[in-house]
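This briefing goes with a protein structure. Please look at the chain as a whole before turning to its parts.

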Amino acid sequence: LVEKYFGGMKRFDVIKAPGVVEHQESPAVMLKHKKTEQVHVALGVRTVPLEHEDRYVFDVLASVMGGGMSSRLFHEVREKRGLAYYVRTNSDNYVDAGTLVSSAGLEVSRAKEAIKVIVEESRKMSEKGNITADELNRGKELMKGHLVLDLEDSRSVATFYGQQELLESKVENPQEVLKKIDTVSMEDIERITAKYLKEPLNLAVIGNFEDRQEFEDLLK
């Protein structure tokens, strides 16, 4: 069908962005001054590209960290301390790079306290034995449940297969993806957290603040 309807189009070379070069040696902060009622923050590290073997390990880690109401950050930041309106973690993978980012909407007066807690929890998860088997299993089941529900929508099915066809070397079906999620082990999680969550952190802040240094101090 693609050949039938699009085969006659003129082919052309695609302009590609320059490849990502990793050379970060210290934490970085981007502060956007804006008078808002909430402070919005994103804290993260660089990870792996789309076809890396650890892609699904990072997806499971994101689920454990901030993928739902039973996740680590939701419990520690929102439920236990009441520091965030929302808090979540996402793993995103691009052709040549990836990110693991925790984002949150915070009350202005408690923003720095909340960022400190998010940083501390991220550091804790880099320590061997800090994540429990129960957390790992819940994270995997949440991921699988979301995938199955998403694929009941035709737009999501198109995205699921279309992205793989355009950007990846192999197209996998949902059963293959579910199997890869299931095979993620505690050893896999501990291996990537020890490596990547100890890397220099990056923090982006949108809020009514002028001094970037005070946020840089929170990442040390």
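The points below go from the whole chain to the sheet, the helices and the aromatic pairs.

The model is predicted. The protein chain has 220 residues, of which 39% are buried. Its secondary structure comes to 9 helices and 5 strands.

**The chain as a whole**

- Read from the N terminus, the elements follow the order α-β-β-α-α-β-β-α-α-α-α-α-β-α.
- The C-alpha trace spans about 60 × 40 × 35 Å along its principal axes.
- Of the contacts between residues at least 6 apart in sequence, 76% join residues at least 24 apart.

**The sheet**

- The 5 strands form an open sheet with mixed pairing, in the order E1-E5-E2-E4-E3.
- Strand E1 (28-33) and strand E3 (84-93) are at the edges; each has a single partner strand, so one side of each has no neighbour in the sheet.
- On average, neighbouring strands of this sheet are turned by 15° against each other, with direction ignored.
- Strand E2 (residues 38-46) pairs with strand E4 (residues 98-107) in the antiparallel sense, over 9 bridges.
- Gly 44 is found opposite Val 101 in E4.

**Helices packed on the sheet**

- Helix H2 packs on the sheet and touches E3 and E4. The direction of H2 makes about 175° with that of E3.
- Helix H4 (residues 111-124) also packs on the sheet, where it touches E2, E4 and strand E5 (202-207). The direction of H4 makes about 150° with that of E4.

**Helix H3 and its cover**

- Helix H3 spans residues 72-79, and its buried residues are Arg 72, Leu 73, Phe 74, Glu 76 and Val 77.
- The elements that cover these buried residues include H2, E3, E4, H4 and helix H5 (133-150).
- An α-helix has 3.6 residues a turn, so residues three or four places apart point the same way.

**Where H2 meets H8**

- Helix H2 (residues 55-66) and helix H8 (residues 186-196) have axes that come within 10 Å and cross at roughly 85°.
- Angles of 65 to 115 degrees count as roughly perpendicular, and H2 and H8 are therefore roughly perpendicular to each other.
- H2 contributes Val 57, Phe 58, Val 60 and Leu 61 to the contact, while H8 contributes Asp 188, Ile 189, Ile 192, Thr 193 and Tyr 196.
- Sorted by class, the residues in the contact of H2 with H8 are 7 nonpolar, 1 polar and 1 charged.

**Aromatic pairs**

- The structure holds 3 aromatic pairs.
- One of them is formed by Phe 58 and Tyr 196: the ring centres are 5.0 Å apart and the planes stand at 80°, so the pair is edge-to-face.
- Phe 58 belongs to helix H2 and Tyr 196 to helix H8, so the pair ties together parts that are 138 residues apart in sequence.
- Phe 58 and Tyr 196 are both buried.
- In the pair of Phe 160 and Tyr 161, the ring centres are 5.0 Å apart and the planes stand at 90°, so this pair is edge-to-face.
- Are Phe 160 and Tyr 161 buried or partly exposed? Phe 160 counts as buried because its relative accessibility is 16%, and the cut-off for buried is under 20%. Tyr 161 is partly exposed, with a relative accessible area of 34%.

Note on methods. Residues are numbered from 1 along each chain as its sequence is written. This is a predicted model: local features need pLDDT of at least 70, side-chain atom pairs count only at pLDDT 80 or more; totals for chains, interfaces and linings use all residues. Side-chain values use heavy atoms; hydrogens and water are left out. Axes are lines fitted to C-alpha atoms, for helices over the stretch in contact, and angles run from 0 to 180 degrees between N-to-C directions. Helices (H or I, at least four residues) and strands (E, at least two) are DSSP runs, numbered from the N terminus. Angles under 35 degrees count as roughly parallel, over 145 as roughly antiparallel, 65 to 115 as roughly perpendicular and the rest as oblique. Contact means heavy atoms within 4.5 Å. Ala, Val, Leu, Ile, Met, Phe, Trp, Tyr, Cys and Pro count as nonpolar, Asp, Glu, Lys and Arg as charged, and the others, Gly among them, as polar. Rings of Phe, Tyr and Trp (its six-membered ring) pair if their centres lie within 6.5 Å; planes under 30 degrees apart count as stacked, over 60 as edge-to-face and the rest as tilted. Buried means under 20% relative accessible area, exposed over 50%, partly exposed in between (1.4 Å probe, protein chains only). Two strands pair if DSSP finds at least two bridges between them.
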